[in-house]
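The sequence and the model should be kept in view while reading.

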Amino acid sequence: MSAIARGCGMSLSGLVHYFPTKDLLLQATMERRDDVDQARIAQPGKARPRGWAYLESLVELVRLNQQQEGIVRLFTTVAAEAVDPNHPANAWLRSHHQSSAQRIRQALVEAMEDGTLGGDAPVDSIARSLIAAMDGLQIQWLSDPDYPDMAEDFEMLVSTIRHQWGLGHAQED
């Protein structure tokens, strides 16, 4: 925490005033990461991508994450520790997954409304699976220096889902 305080141009006691524990600092960092990621998807001055365009923006987010190894490593570390219900960041992790799933479900419902996703698509299962894929791809990418492009793997999954349940997917969204 001393190194972080120095890097922020503040004293350790100043940092501890705002973040009394390392876990709270890491949780705040992950919350900020989520905010930055959503801002990247929304693109300033534009409406949030709708339907399939939102899912395609997640592919771009995975692509961006490949350029941010440090924050991806921090995310996977904090998430791994936060699976313990007694961990201080457990609430953040649950909230992160719930809000991510909600945004994906919303995009899938929009695709249904737009007529580009079949009404039989299991939106809850798709949302959970996409989140699991994103998290799992990050772990594989971090642990294997020879891992190919995780964005291509995620894009293949989105494409497979679109092929399986999409309607009129050859059209422009």
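Leaving aside its neighbours within four places in sequence, with which residues is Leu55 in contact? In this predicted model, Leu55 is in contact with Ile104, Leu108, Leu130 and Val158 once those sequence neighbours are set aside.

Leu55 also belongs to the largest nonpolar core, which has 32 residues. Together with Leu58, Ile104, Leu130 and Phe154, Leu55 touches the most other members of that core. At least two residues of this core come from each of helix H4 (52-65), helix H6 (90-113), H7 and helix H8 (150-165). The greatest contribution is that of H7, which gives ten residues. Apart from this core there is a second, separate one of nine residues, including Phe75, Ala79, Ala82 and Leu93.

Helix H7 itself spans residues 123-143. Its 21 residues reach 30 Å from the first C-alpha to the last, close to the 30 Å expected at 1.5 Å a residue. Among the buried residues of H7 are Leu130, already noted in the core, as well as Ile126, Ile131, Met134, Leu137 and Trp141. Asp135 and Gln138 of H7 are likewise buried.

The packing of helix H5 (residues 69-82) against H6 may be considered next. Their axes come within 8 Å and cross at roughly 110 degrees, which means that H5 is roughly perpendicular to H6. The crossing in which H5 passes H6 is left-handed. On the H5 side the contact is made by Phe75, Val78, Ala79 and Ala82, and on the H6 side by Asn90, Trp92, Leu93 and His96. Of these residues, Phe75, Ala79, Ala82 and Leu93 are included in the second core.

How values were computed: Residues are numbered from 1 along each chain as its sequence is written. This is a predicted model: local features need pLDDT of at least 70, side-chain atom pairs count only at pLDDT 80 or more; totals for chains, interfaces and linings use all residues. Side-chain values use heavy atoms; hydrogens and water are left out. Helices (H or I, at least four residues) and strands (E, at least two) are DSSP runs, numbered from the N terminus. The expected span of a helix is 1.5 Å times one less than its number of residues. Buried means under 20% relative accessible area, exposed over 50%, partly exposed in between (1.4 Å probe, protein chains only). A nonpolar core is a set of buried Ala, Val, Leu, Ile, Met, Phe, Trp, Tyr and Cys residues joined through side-chain atoms within 4.5 Å. Contact means heavy atoms within 4.5 Å. Axes are lines fitted to C-alpha atoms, for helices over the stretch in contact, and angles run from 0 to 180 degrees between N-to-C directions. Angles under 35 degrees count as roughly parallel, over 145 as roughly antiparallel, 65 to 115 as roughly perpendicular and the rest as oblique. A crossing is left-handed if the near helix is turned anticlockwise from the far one by less than a right angle, and right-handed if clockwise.
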